[in-house]
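Here is a short briefing for a first look.

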Amino acid sequence: MADEHPTKDDPLPLDEIIAPPPEEITPPENLPEGESKTKAEERLPGRLVIYPLGGRPFFPGMLTPIQVEGSPYYDTIKYALNTPGKMFGIVLSHAEDGDDVFMADKLYRYGAVARIMEAAINDEDKQIKLLAEGLSRFEIVEILQPGPPIVARVVHHDKLSRNLDPDTLKPYTMAVISTLKEILKYDSLYQEQVKMFLSRHNFGEPDRLADFVASMTSSKREELQEVLETLNIRERLEKVLGLLKKELEMVKLQDKISRQVEEGISKNQRNFFLREQLKEIQKELGITKDDRTADMERFRDRIKKLTLSEEAQKKIDEELDKLSILETGSSEYGVTRNYLDWLTILPWGVHTKDKLDLPRARQILNKDHDALTDVKERILEFLAVGKLKGEIGGSIILLVGPPGVGKTSIGRSVARAVGRKFYRFSVGGMRDEAEIKGHRRTYVGSMPGKVIQALRRTEAANPIIMLDEVDKIGASYHGDPASALLEVLDPEQNTEFLDHYLDVRFDLSKILFICTANLLDTIPQPLLDRMEIIRLSGYITEEKLKIARNHLIPKQYEKNGIKNAQLRISNEAVRVIVDGYAREAGVRRLEQKISAIVRKAALKILEENAPTPISVGKDQVEAFLGKPSFRDEKPRIGIGVVTGLAWTAMGGATLDVEAVIPGGDKPTLTLTGALGDVMKESARIALSYITANCMHLGADPKILTQHPVHLHVPEGATPKDGPSAGITMATAMLSLAKNQPINRRLAMTGEITLTGQVLAVGGIREKVIAARRIGIRELILPEACRKNYEEVPEHIREGFTVHFVQQYAQVSKLVFDQ
């Protein structure tokens with residue numbers, strides 16, 4: 001907040017304001033003896049033109065150059081030059097810059113009188129260059145002209161502050177001088193300022209010393225203004241001494257930082273020169289080589305350990321010859337060196353020895369995975385063939401199954417069992433074929449494809465490479481990665497795989513490729529033909545219990561820092577989690593729920609000091625996980641309601657097909673439930689078959705031919721498609737025509753034709769598991785699926801009554817005549 005100054009309401013003309021009143025002027029004829037007229041002009045006037053400062057305050061005793069340009073600064077100095085003593089007042093403004101600096105109400109009350117020693121005036125450009133000397137302190141009593149220029153009536157104070165005993169000030173003066181000497185040791189810039197001070201004053205003037213020392217510090221403007229306003233010299237020296245101590249600490253810190261930086265630079269420079277000298281000495285003695293020679297020798301040392309093809313050897317020799325004549329600082333040298341680095345780092349002819357020990361492989365697979373017995377047997381059969389042949393050739397295995405059933409982990413287990421290096425990368429969402437076959441070297445930042453990168457990482461020409469999510473591979477204008485994979489995976493082509501970056505053929509035939517997918521539908525048929533398909537179906541409840549007990553719970557205990565003595569999760573609790581929270585085919589959601597229980601238990605142990613062990617039984621699960629996500633599925637019984645079996649990417653599921661006659665006399669078919677085109681066609685086929693054969697099936701044909709039919713498949717928000725619900729929808733319509741419900745728990749699946757044939761469908765294992773989950777033990781399946789049903793593990797088939805049918809008439813007889 002600016003200091004307030006009294007002002008006159010009606011400012012006087014400037015010439016009258018500047019001129020001192022008659023009582024303040026001593027006429028020349030009355031001057032004391034020996035005093036000249038010039039001395040009289042140098043007397044400090046009671047009225048001053050004020051020059052505001054926006055930076056740091058100006059102190060008495062200072063000698064400083066000032067350059068002003070343009071109004072109002074030019075006008076202010078011009079008026080000062082016209083005063084008898086060429087004096088003006090320099091006062092700090094609360095405003096640091098801008099037009100506010102020249103506002104009278106922004107000025108501090110105290111300033112310093114300055115006398116113009118020299119001045120160079122350029123009226124045309126309104127510029128003045130001057131040298132000003134600080135004379136004394138003053139206090140603004142009244143603003144006579146708010147300006148610009150600003151004129152004030154002032155009171156001078158320096159004479160009032162010279163009345164202290166010198167012996168009283170001497171300790172303060174010596175302390176200031178001592179601290180100043182300390183600063184001079186660290187910063188030579190202060191020495192020049194001290195020399196300038198001593199040329200005009202001496203250390204025996206404590207008031208001038210205090211002002212000088214304050215002006216040379218880097219203190220804040222407010223702190224310096226406080227020194228300027230301190231009239232008592234002893235108090236002023238005390239404040240200056242405090243500022244000087246701060247300055248000393250700062251210059252010490254600056255000196256320390258500077259020395260540390262200089263030492264670091266000096267050390268680095270010294271090391272650089274020594275290294276350069278050492279290089280020259282070693283070159284003269286033949287001990288070391290330059291960068292080019294070192295690179296070439298490194299590449300040649302690598303080649304000695306490799307079994308290169310003729311083409312690769314020729315290419316490497318050509319690139320080494322090129323490298324020998326290129327300048328090391330050129331960009332082409334860097335490109336060639338990187339290319340040779342890739343060529344010589346690849347495992348040409350380097351193979352790991354397979355461990356074809358079947359008992360050991362079985363032990364590893366059983367340890368890493370519970371259930372999946374049929375899958376593990378297929379893998380062991382594959383390894384047995386490799387043992388008979390003496391090696392596992394380049395094969396392509398495709399593991400197909402819902403998420404979370406262990407496809408990726410099985411790949412890792414196979415690598416452990418065989419003793420090969422393992423590398424995994426995902427091709428899901430890949431849209432550029434260069435990710436597979438590499439970028440051409442004409443591009444900046446080009447590099448080989450993922451397969452060649454895998455060989456470099458594994459350091460072997462026969463690793464196990466897992467290609468995850470091959471059913472989600474994409475395509476774009478950059479190319480088709482799925483087509484690029486054909487050359488990688490085809491045993492007839494991958495013996496001479498050509499990466500665009502390497503431009504040299506590499507043999508991939510010894511690599512065991514393991515691919516994973518959730519669906520087969522989106523995999524291109526040419527790519528699918530080159531793969532040996534192994535299906536991984538979902539787990540039943542008993543299998544999930546075993547997996548949770550042997551793998552998931554111990555894993556989460558270790559991951560969350562919980563000991564067995566602190567938390568116990570019962571089998572009944574796991575069963576509740578499986579049935580109510582994790583019904584998907586895999587175990588990923590089950591692991592997430594177990595992790596949630598473990599984390600909440602850890603919080604109880606630490607925050608609530610809960611007694612251990614914390615026991616989680618079936619009654620406590622809801623307290624940890626909240627309300628169950630799934631409710632008990634019970635097949636509904638009624639006219640027109642039939643339970644079907646469906647397959648999804650998440651595993652098997654049951655669905656209740658509902659058919660009603662909404663009323664009306666126009667025969668139409670309404671389909672709801674987010675049905676796909678194939679499923680809509682199945683519904684129309686079912687209606688056509690039932691209406692055409694009602695008499696033979698024991699139903700009234702008029703119900704369907706003379707009234708509308710509405711068929712709905714819950715849940716309406718879930719998209720559904722496929723032909724496997726054909727016999728289910730036909731049975732729902734036949735139930736309407738017969739006006740007869742199905743009075744027992746029964747589920748069915750199969751495609752129907754217009755002639756009533758029941759055709760094969762897929763996903764039998766998953767559908768059987770879905771039926772077991774909701775307690776249905778009687779199924780109707782197509783005769784063509786008998787083999788698929790027999791491949792379902794015996795412990796899953798246990799307790800089922802299965803009817804295999806070829807014609808829909810058999811379905812009608814089983815459902816309604818028993």
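A cavity is a set of points, on a 1 Å grid over the protein atoms alone, where a 1.4 Å probe fits but cannot get out, and lining residues have an atom within 4 Å of a point. This is a predicted model: local features need pLDDT of at least 70, side-chain atom pairs count only at pLDDT 80 or more, and totals for chains, interfaces and linings use all residues. Residues are numbered from 1 along each chain as its sequence is written, and side-chain values use heavy atoms, with hydrogens and water left out.

**Cavities**

- The whole structure holds two cavities of 30 Å³ or more. A volume is the space filled by probe spheres set on the grid points, which are joined across faces, edges and corners.
- The largest cavity has a volume of about 80 Å³. Ten residues line the largest cavity, and the closest to its centre are Arg636, Thr643, Ile742, Arg744 and Leu746.
- The lining of the largest cavity has six nonpolar residues, one polar and three charged. Here Ala, Val, Leu, Ile, Met, Phe, Trp, Tyr, Cys and Pro count as nonpolar, Asp, Glu, Lys and Arg as charged, and the others, Gly among them, as polar.
- The second largest cavity has about 30 Å³ of space. Its lining is made up of Ile379, Ile397, Leu399, Ile410, Val414 and Ile514.
- Strand β7 (396-400) and helix α14 (407-418) are the elements that give two or more residues to that lining. Helices (H or I, at least four residues) and strands (E, at least two) are DSSP runs, numbered from the N terminus.
- The lining of the second largest cavity counts six nonpolar residues, no polar and no charged.

**Aromatic rings**

- Seven aromatic pairs turn up in the whole structure. Rings of Phe, Tyr and Trp (its six-membered ring) pair if their centres lie within 6.5 Å; planes under 30 degrees apart count as stacked, over 60 as edge-to-face and the rest as tilted.
- Tyr689 and Tyr808 make an edge-to-face pair, 5.7 Å centre to centre with 80 degrees between the planes. Tyr689 is in helix α23 (residues 677-692) and Tyr808 in helix α30 (residues 808-816), so the pair links distant parts of the chain, 119 residues apart.
- Tyr689 and Tyr808 are both buried. Buried means under 20% relative accessible area, exposed over 50%, partly exposed in between (1.4 Å probe, protein chains only).
- Tyr789 and Phe804 are edge-to-face because their ring centres are 5.9 Å apart and their planes stand at 65 degrees. Tyr789 lies in helix α28 (residues 786-790) and Phe804 in strand β24 (residues 801-805), so this pair ties together parts 15 residues apart in sequence.
- Tyr789 and Phe804 are both buried.
- Tyr51, Tyr73 and Phe88 are linked into a cluster by ring pairs.

**Charges over rings**

- The charged end of Arg797 sits over the ring of Tyr789, 5.8 Å from its centre. The rule is NZ of Lys or CZ of Arg within 6 Å of the ring centre and within 35 degrees of the ring normal.
- Arg777 has its charged end over the ring of Phe800, 5.5 Å from the ring centre.

**Strands β18 and β19**

- Strand β18 (residues 669-672) and β19 run parallel, joined by four bridges. Two strands pair if DSSP finds at least two bridges between them.
- Leu671 has Leu711 in β19 as its bridge partner.

**Glu142**

- Glu142 is in strand β5 (residues 127-145). Glu142 is buried, with a relative accessible area of 17%.

Note on methods
On a 1 Å grid over the protein atoms alone, a cavity is a set of points where a 1.4 Å probe fits but cannot get out, and a pocket is an open set with protein on both sides within 12 Å along at least five of seven lines; lining residues have an atom within 4 Å of a point.
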